[in-house]
Amino acid sequence: MAKKVVKSVRKIAAKQPRRRNMRAADREQFILDEAIRFFAERGFEGQTRELAKRMGITHATIYRHFPSKEALVERVYEHIYLSRWNPNWGPLIRDRTRSLESRLTQFYLEYVERVFDYNWVRIFVSSGLKSFDITSRYLAIVNREIIDPACRELRHDLGLPSADDVPISERELEMFWGLHGRIFYMAIRRFVYCTPTPSYLDDIVQDSVIGFLSGSKDLMPKLVVEFTAKSASAVALGPKATI
């Protein structure tokens, strides 16, 4: 028993100098990397005390670099969500020199390559189940940069009234969220449900975009006409009417 204790102490002592000699920036990155893996496995109910034990450092060490669990979660958000968002995706969706099919296909091929990741997907889902707002903040970016502009571009392609003349309706937005969700659900199946998914996703993405645009050619004009009619009716009925 005594020998085991001595060996354990020696192991701890051997590790400590390396951690003490780490530069502050390296130690902070070390904690962040481990936190990402930890939250991906345990969800955000995992405690920082448990994280510290897993890393072999003191609880206080974490709080020297991150003043609170919320601050650590915020860095996780910045590191694996904001850093993977390509600022060129928004302009790509709006680029009318290319077909909308080509733009959407390129976006989703690149999106799959960036976000189909164990840590990314599991933390995203865990955040949606807890009080942390990673999911809602990220989806707001997707809506602003991809979903809403894509609705406007599809109207333009189909020769429908612009959003300046007829506001984008909820049903139009939900139609595009359906495409987004169809592609992202493969990541849910792979990393959350741990069920088989195709290893090669390019064809699946292209099929999803083509099928979506094919169906939207009939559906989109109907949605715009119905929304325009409801809007006109609401104006005629006065302020108490709802659309």
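**Aromatic rings and the nonpolar core**

Trp120 has a relative accessibility of 1%, and because anything under 20% is classed as buried, Trp120 counts as buried in this chain. The model described here is a predicted one.

A pair of aromatic rings is described by the distance of the centres and the angle of the planes. In this model the count comes to 20 aromatic pairs. One of them joins Tyr81 and Phe124, whose ring centres lie 6.3 Å apart with 35 degrees between the planes, an arrangement that is called tilted. This pair links distant parts of the chain, since Tyr81 sits in the loop between helix H5 and helix H6 while Phe124 belongs to helix H8, 43 residues away. Tyr81 and Phe124 are both buried.

Trp120 takes part in another pair, with Tyr138: the ring centres are 5.2 Å apart and the planes stand at 80 degrees, so this pair is edge-to-face. Because Trp120 lies in helix H8 and Tyr138 in helix H9, the pair ties together parts that are 18 residues apart in sequence. Tyr138, like Trp120, is buried, with a relative accessible area of 1%.

In soluble globular proteins, nonpolar side chains tend to be buried together. Here the largest nonpolar core holds 65 residues, of which Tyr111, Ile123 and Tyr138 touch the most other members. Helix H10, residues 170-191, gives the most to this core, with 10 residues. Leaving aside neighbours within four places in sequence, Ile123 is in contact with residues including Ile36, Phe39, Val76, Tyr81 and Ile134.

Notes: Residues are numbered from 1 along each chain as its sequence is written. This is a predicted model: local features need pLDDT of at least 70, side-chain atom pairs count only at pLDDT 80 or more; totals for chains, interfaces and linings use all residues. Side-chain values use heavy atoms; hydrogens and water are left out. Rings of Phe, Tyr and Trp (its six-membered ring) pair if their centres lie within 6.5 Å; planes under 30 degrees apart count as stacked, over 60 as edge-to-face and the rest as tilted. Helices (H or I, at least four residues) and strands (E, at least two) are DSSP runs, numbered from the N terminus. Buried means under 20% relative accessible area, exposed over 50%, partly exposed in between (1.4 Å probe, protein chains only). A nonpolar core is a set of buried Ala, Val, Leu, Ile, Met, Phe, Trp, Tyr and Cys residues joined through side-chain atoms within 4.5 Å. Contact means heavy atoms within 4.5 Å.
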